[in-house]
Amino acid sequence: MLALPLALAACGDDMRMPWDKPEPVAETPAEPAPPHIPEPTGASPTRQPLEVGGPTAKVATAEARSLAVTDLVAGGEGWAASVSGSTARFQPQGAAPRAVDVRRIPWSGGVEYIGTLSGQPFVLRIKGADCGKQKLTAMVRAGGQTYDGCASPAAPAAAPAAS
């Protein structure tokens, strides 16, 4: 009988007595793997769509009230501006009007006309929000100053051709 525990101990860990088994070791959680970022495809979105297959739907990304505005007049306390085509005319109070070549950029909040005036950025931002009796709000940044006011369309854009 005295040799029985010695014989059982020689058989390995599976044959140990319950009171003689080692304490279980708590495993430390593994570090999460870094996220996998796929390599760029090298494709230009203008040449190859980057969307994945499946059903698609057109989504409006421009504000509807200001999207049709191409030519406009705007003004506020101490300033006046107008846009016709790709030219904006800006006149702060007490100064001569200045012409600025601008690009029209529709965005989700309205339309921006951006250009350069005297070597500094010129921004005329139009939003589709009521401004008293006028349909649109306007904000101009020019010469380090910001001017707020209202705007009205001078002429609506032509409706796009049906495809």
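Author: Strands here are DSSP runs of E with at least two residues, and helices are runs of H or I with at least four residues, both numbered from the N terminus. Two strands pair if DSSP finds at least two bridges between them. The model is predicted, so local features need pLDDT of at least 70 and side-chain atom pairs count only at pLDDT 80 or more, while totals for chains, interfaces and linings use all residues. Residues are numbered from 1 along each chain as its sequence is written, and side-chain values use heavy atoms, with hydrogens and water left out.

E4 and E5 form a hairpin with 2 residues between them. Strand E5 covers residues 110-117 and pairs antiparallel with E4 over 6 bridges. Within this pairing, Val102 has Gly115 of E5 as its bridge partner.

On its other pairing, E4 (residues 98-107) runs antiparallel to E3 (residues 87-92), joined by 4 bridges. Arg89 is bridged to Ala99 in E4. The hairpin of E3 and E4 has 5 residues between the strands, and Gly94 there takes a positive phi near 80°.

The largest nonpolar core has 22 residues, and Leu72, Phe90, Tyr113, Phe122 and Leu124 have the most contacts inside it. Such a core is a set of buried Ala, Val, Leu, Ile, Met, Phe, Trp, Tyr and Cys residues joined through side-chain atoms within 4.5 Å; buried means under 20% relative accessible area with a 1.4 Å probe, protein chains only. E3, E4 and E5 are among the elements that give two or more residues to this core. E7 gives the largest share, 4 residues.

Notes:
Buried means under 20% relative accessible area, exposed over 50%, partly exposed in between (1.4 Å probe, protein chains only).
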